Amino acid sequence: GNIIALTINATITTILIKKKKIKIETNFHKFDLVFLAIIIVIMGLTIIYPDTFWDTYSYHLYLQENPFADKINDDFFPGRTLTSFVYPIADRVFYMFRALLGFRLGTLPGYFLTVVIYYQIKKYLIKILENKIDEKYISLLSILPLGVFIILEQMGTYYIDNFSVALLLEIMYVIFFEGKDIFKEKTRLYILAYVVGLAVCTKITNAIYILGPLVYLLVINIKDIKNIKIYDYLLLVVTFVIPLLP
């Protein structure tokens, strides 16, 4: 199933890049090596220890391997009442690594996610500061938010919250920095709907954090709402629901 999904994703992504719907760029700076060195040290010190957190054994490992099981007639409430039924999409990412590399190295996606979050923070600072300070300082400043304990704590575990952080940062960036005229340039709107769907099925409570920014997006584009046709509403709902369908 994962091989099929990866093939489909690679094909769709290639088409979008060829059609220039997705732009690949880098903002790497040599001072980013400071952050990467820190991550490598943290990984070296933590990945050797197995994840012993309660939720990992309560339901994360189960959802990795049995995402489509009947949680009542087959496996009767295998996790706690609520967590037996949460979406397993982020857990399945971990499963690919755990199946190939074993229990300890299976937590690698958590470290990769931290790198993604770092570059998202850096993208925010570049936009906000508008080249008012040297980029090397932006690289160093981008490290600071990653010092939040909950982000560091989840590295080396099978917890999925950092997936939410990465997706929410992307959603907020699109809304606050690229949201103007998004009702006219509908491709971005559809991509946003899809990413919102991914965020919600990664952790259902993400819907609460997304609601306010989406209202803001509507307010700043209220004059262009006439550009959204009936079929757009239907297609946006379908696009949002696609990640939840499995």
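## A first look at the predicted model

Phenylalanine 163 is buried, with a relative accessible area of 13%. Welcome to this structure, which is a predicted model.

**Helix α8**

- Helix α8 covers residues 161-178, and its 18 residues should span 26 Å at 1.5 Å a residue; the end C-alpha atoms lie 25 Å apart, which agrees.

**Aromatic pairs**

- The structure has 14 aromatic pairs.
- One of them joins phenylalanine 94 and phenylalanine 163 edge-to-face, with 5.7 Å from centre to centre and 80 degrees between the planes.
- This pair links distant parts of the chain, since phenylalanine 94 sits in helix α4 and phenylalanine 163 in helix α8, 69 residues apart.
- Phenylalanine 94 counts as buried because its relative accessibility is 1%, under the 20% cut-off.
- Tyrosine 118 and tyrosine 119 form another edge-to-face pair, 5.0 Å centre to centre with 85 degrees between the planes.
- Tyrosine 118 is buried at 0% relative accessible area, whereas tyrosine 119 is partly exposed at 21%.

**Salt bridges**

- Side chains of opposite charge can pair when their charged atoms come close.
- In the whole structure, a search finds nine salt bridges.
- Aspartate 32 and lysine 122 form one, and their closest N and O atoms are 2.9 Å apart.
- Aspartate 32 is in helix α2 and lysine 122 in helix α5, so this pair ties together parts 90 residues apart in sequence.
- Aspartate 32 is buried, at 0% relative accessible area, and lysine 122 is buried with a value of 0%.
- A network of salt bridges links Asp32, Lys122 and Glu135.
- Glutamate 170 and lysine 123 meet in a salt bridge of 3.5 Å, N to O.
- Because glutamate 170 lies in helix α8 and lysine 123 in helix α5, their pairing ties together parts 47 residues apart in sequence.
- Glutamate 170 is partly exposed at 28% relative accessibility, and lysine 123 is partly exposed at 26%.
- Lysine 186 forms a salt bridge with aspartate 232, where the closest N and O atoms are 2.6 Å apart.

**A proline in a loop**

- Proline 88 lies in the loop between α3 (54-65) and α4, and is buried with a relative accessible area of 15%.
- Leaving aside residues up to four places away in sequence, proline 88 touches Leu63 and Pro67.
- From proline 88 to asparagine 66 is 22 residues in sequence and 8.8 Å in space, C-alpha to C-alpha.

**A nonpolar patch on the surface**

- Val34, Ile38, Ile133, Tyr137, Leu140, Leu141 and Leu144 form this patch, with about 580 Å² of accessible area together.
- Helices α2 (32-46) and α6 (135-141) each supply at least two of its residues, and α6 gives the most, with three.
- Leucine 140 is found in helix α6 and counts as partly exposed, at 33% relative accessibility.

Conventions: Residues are numbered from 1 along each chain as its sequence is written. This is a predicted model: local features need pLDDT of at least 70, side-chain atom pairs count only at pLDDT 80 or more; totals for chains, interfaces and linings use all residues. Side-chain values use heavy atoms; hydrogens and water are left out. Patches are made of residues with over 30% relative accessible area and no salt bridge: like charges are joined within 9 Å, nonpolar side chains (Val, Leu, Ile, Met, Phe, Trp, Tyr) within 5 Å. Accessible areas come from the Shrake-Rupley method with a 1.4 Å probe; for residues, only the protein chains shown count as cover. A salt bridge is a side-chain nitrogen of Lys or Arg within 4 Å of a carboxyl oxygen of Asp or Glu. Helices (H or I, at least four residues) and strands (E, at least two) are DSSP runs, numbered from the N terminus. Buried means under 20% relative accessible area, exposed over 50%, partly exposed in between (1.4 Å probe, protein chains only). The expected span of a helix is 1.5 Å times one less than its number of residues. Contact means heavy atoms within 4.5 Å. Rings of Phe, Tyr and Trp (its six-membered ring) pair if their centres lie within 6.5 Å; planes under 30 degrees apart count as stacked, over 60 as edge-to-face and the rest as tilted.
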